[in-house]
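Visitor: I would like to go through this model piece by piece, with the criteria stated as we go. Please keep to what can be computed from the atoms.

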Amino acid sequence: MKTQIHTISAPNDGSYDNEALSCSTIDISTHNGEPHGGLRGSNEFILSDSGKKVTSGDESGQLNLWLQRKAKSAFSEKMIKKRLPILRWLPQYNSTDAIGDLVAGITVGLTVIPQALAYAGIAGVPAAYGLYGSFLGCIVYIVFGSCKDVPMGPTAIASLLTFQTAGGNVGKAILLCFLSGVVELMMGILGLGFLVDFVSGPVSSGFTSAVSLIIVTSQVKDVLGITAKGTTFIEIWRNIFNDIHNVQVWDTFLGLTCIAVLLIMRIIAGLKVGPADDELKSKNHRIINKMMWLIGTSRNAILVVVCGAIGYTFQSSAAAPFKLIGDIPPGLPSFMAPPFSLTANETMSGHEESFMDMVSSLGSGLIVVPLIALMENIAICKAFSNGKPVDATQELIAIGLANIANSFVQGFPGTGSLSRSAVNNASGVRTPMGNIYTMGLVVLSLLFFTPYFSYIPKASLAAVIIAAVVFMVEVKVVKPMWRTKKSDLIPGLGTFIACLALPLEMGILFGVGLNVVFILYHAARPKISVERLTSPGGAEYLIITPDRCLIFPSVDYVRNLVTKQSIRQSLPVVIDCSHVYGADFTAATVIDSITQDFARRDQPLFFYNLKPSVCAIFEGLSPADFVVYYREEHLDELLKQRAYKPKEVISA
């Protein structure tokens, strides 16, 4: 029995019969004698909002209609509020929100100031530039940001990527901030936020863990008081061992002491006194718990102030035993465009560099830095979204505009910080307005306290970074990953090792590539179940069920298995296509070949529950003996039509 390929000319009314339904030898339903239940569709015209008909051949009319829809959508009230989130929450802003944002903003400000000074060291630029990138972007995020918990500013990962991309050159770091913002903004406008979905959880965990170890390693030199440069984990440790004989005792003692104090204060922040039930706690219990939490949360600021006082005391004497961060220019930075060229004095090579030379030297960092910034920000939004959907496009626009703004005040690339977001959330932040109080503290520190920052020992800032970053190593994900799917450990571990041994951009690309290989392997090797069943009429048959689409990497594998099982069992074969939602030309050629093989063996082959869209693809090659049915009771009828008689089973 062969199916007929139906060629149906379009009626005068512009409608057409759905040819995909005609591939089945059994009609699905009837309606007034019409085939396929009278299912018909129109291919003559579409109706525009104005009521005018636009024919399918009128390409200019369709383009105009598409532009009209886009323009109407872009300037609708819903879209404006979506792209300016401040319009959603500001009209309902009240005194309770203001108090919550004030407390959270000040608490985060006490955290961001020492971190900004420390992260500037990771980025390889003077400490002041960390503060420069910590205030203007906050204002921009208030208007465009969609997550109340995100405090915009420098982060450990962004700082390390800045150092690996700009090489410690201030001008290039500022230009990288501007260009990263432009790339992020364009990605947001073009709706490319989905690109972050290509970085899986295991790859992200491996990358974050490797970066954390690299950052900790980069700060070991300041704790030991030695000089050891490098961009990769192995290179930094090699230089540390080469210079280990120059260890400074006082720097090492201060650094280790600061790390211990910070870890103890971190524990204090989580301690509670009084009964376990909050309702049973007395007023004194609540006050003590709040004070302990505040002291633990502000540990970085407290430590830096104390160490700064110690540094000032020793600096006033004849000999200072600690290495200090040095002078920081007082006052706010000048508002000016980022540098688009460098003079000979501003480059390490001693030659002038044009804009194109600078862009060329930044290389893949122009793509990697924005993508990693988006990853960090989306991770924060998901962590504190309470199950609500996260708008990656809006976050791209927000951090893009924030980085562009920061570049005009000499900031280097930044994004949302997970550690500061946790502080923000725990402090009771209500809206993104908390950023304005954080910005206020940074501005006050630049105006009045920068002369005192110069007395802060480098070892104390290194301790701040180490104590914060060491908890970013995601060891806790290994156990659940092992329990759920052990193969996911391979891309995670591969990314981790690659990021330690190679530059970060190469490491993350290696991880994504490894993940893609796994995806392609699973696409090429679908899971296929084989069962021996009995039809309602008592006939035995073999049902083979693939669990996914039939596309070119997998069709030969499916064909070999179908052929092997059909010859071994010598029974009618039914391929259950319930899970096959797509196919391609290669699959169609293989199906044609399979049907011919079965016809030569005079062995029945049927396709069950094949989607009409997939059926249309297979019928494109007019396969012989291509039989599709949609109801189980029709199988006996098909076997009867084929006059099939079972043969002897052939042993494997």
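**Exposure, contacts and sheet order**

Visitor: What is the relative accessible area of Ile 287?
Guide: Ile 287 counts as partly exposed. That class lies between buried (under 20% relative accessible area) and exposed (over 50%), using a 1.4 Å probe and protein chains only. For Ile 287 the relative accessible area is 45%.

Visitor: At what pLDDT do side-chain atom pairs count?
Guide: Residues are numbered from 1 along each chain as its sequence is written, and side-chain values use heavy atoms, with hydrogens and water left out. This is a predicted model, in which local features need pLDDT of at least 70, totals for chains, interfaces and linings use all residues, and side-chain atom pairs count only at pLDDT 80 or more.

Visitor: Which elements give two or more residues to the nonpolar patch?
Guide: A patch takes residues with over 30% relative accessible area and no salt bridge, joining like charges within 9 Å and nonpolar side chains (Val, Leu, Ile, Met, Phe, Trp, Tyr) within 5 Å; accessible areas come from the Shrake-Rupley method with a 1.4 Å probe, and for residues only the protein chains shown count as cover. Helices here are DSSP runs of H or I with at least four residues, strands are runs of E with at least two, and both are numbered from the N terminus. The nonpolar patch on the surface has about 620 Å² of accessible area together, with Ile 287, Met 291 and Phe 314 among its residues. Its contributors of two or more residues are helix H12 (283–297) and helix H13 (299–315).

Visitor: How far from the sulfur of Cys 307 is the nearest cysteine sulfur?
Guide: A disulfide is a pair of cysteine sulfur atoms within 2.5 Å. Cys 307 is buried, with a relative accessible area of 3%. The whole structure has zero disulfides. Cys 307 is accordingly in none, and the nearest cysteine sulfur, that of Cys 258, is at 3.6 Å.

Visitor: How many residues apart in sequence are the parts that Asp 391 and Arg 83 tie together?
Guide: A salt bridge is a side-chain nitrogen of Lys or Arg within 4 Å of a carboxyl oxygen of Asp or Glu. Asp 391 and Arg 83 form one, with their closest N and O atoms 3.2 Å apart. Asp 391 lies in the loop between helix H15 (365–383) and helix H16 (392–407), and Arg 83 in helix H2 (residues 77–83), so the separation in sequence is 308 residues.

Visitor: Are Glu 353 and Lys 172 buried or exposed?
Guide: The closest N and O atoms of the salt bridge between Glu 353 and Lys 172 are 3.4 Å apart. Glu 353 is in the loop between H13 and helix H14 (355–362) and Lys 172 in helix H8 (residues 170–189), so this pair ties together parts 181 residues apart in sequence. Both residues are buried.

Visitor: What is the C-alpha to C-alpha distance between Gly 181 and Leu 366?
Guide: Gly 181 is found in helix H8. Gly 181 is buried, with a relative accessible area of 0%. Gly 181 and Leu 366 are 185 residues apart in sequence, while their C-alpha distance is 9.6 Å.

Visitor: Which residue in S8 stands opposite Arg 532?
Guide: Strand S7 (residues 528–534) and S8 are antiparallel and share seven bridges. They form a hairpin with five residues between them, and Gly 538 in the turn has a positive phi of about 95 degrees. Strand S8 (residues 540–546) is mostly covered, with six of its seven residues buried. Opposite Arg 532 stands Leu 542.

Visitor: What is the handedness of the β-α-β unit made by S8, helix H23 and S9?
Guide: S8 and strand S9 (residues 573–576) run parallel and are joined by three bridges, with Ile 543 partnered by Val 574. A crossover is right-handed if, with the strands pointing away from the viewer, the path from the first strand over the helix to the second runs clockwise. The unit of S8, helix H23 (residues 555–569) and S9 is right-handed.

Visitor: Which residue stands opposite Phe 607?
Guide: Strand S10 (residues 605–608) pairs with S11 in the parallel sense, over two bridges. The residue in S11 opposite Phe 607 is Val 628.

Conventions: Pairing = 2+ DSSP bridges.
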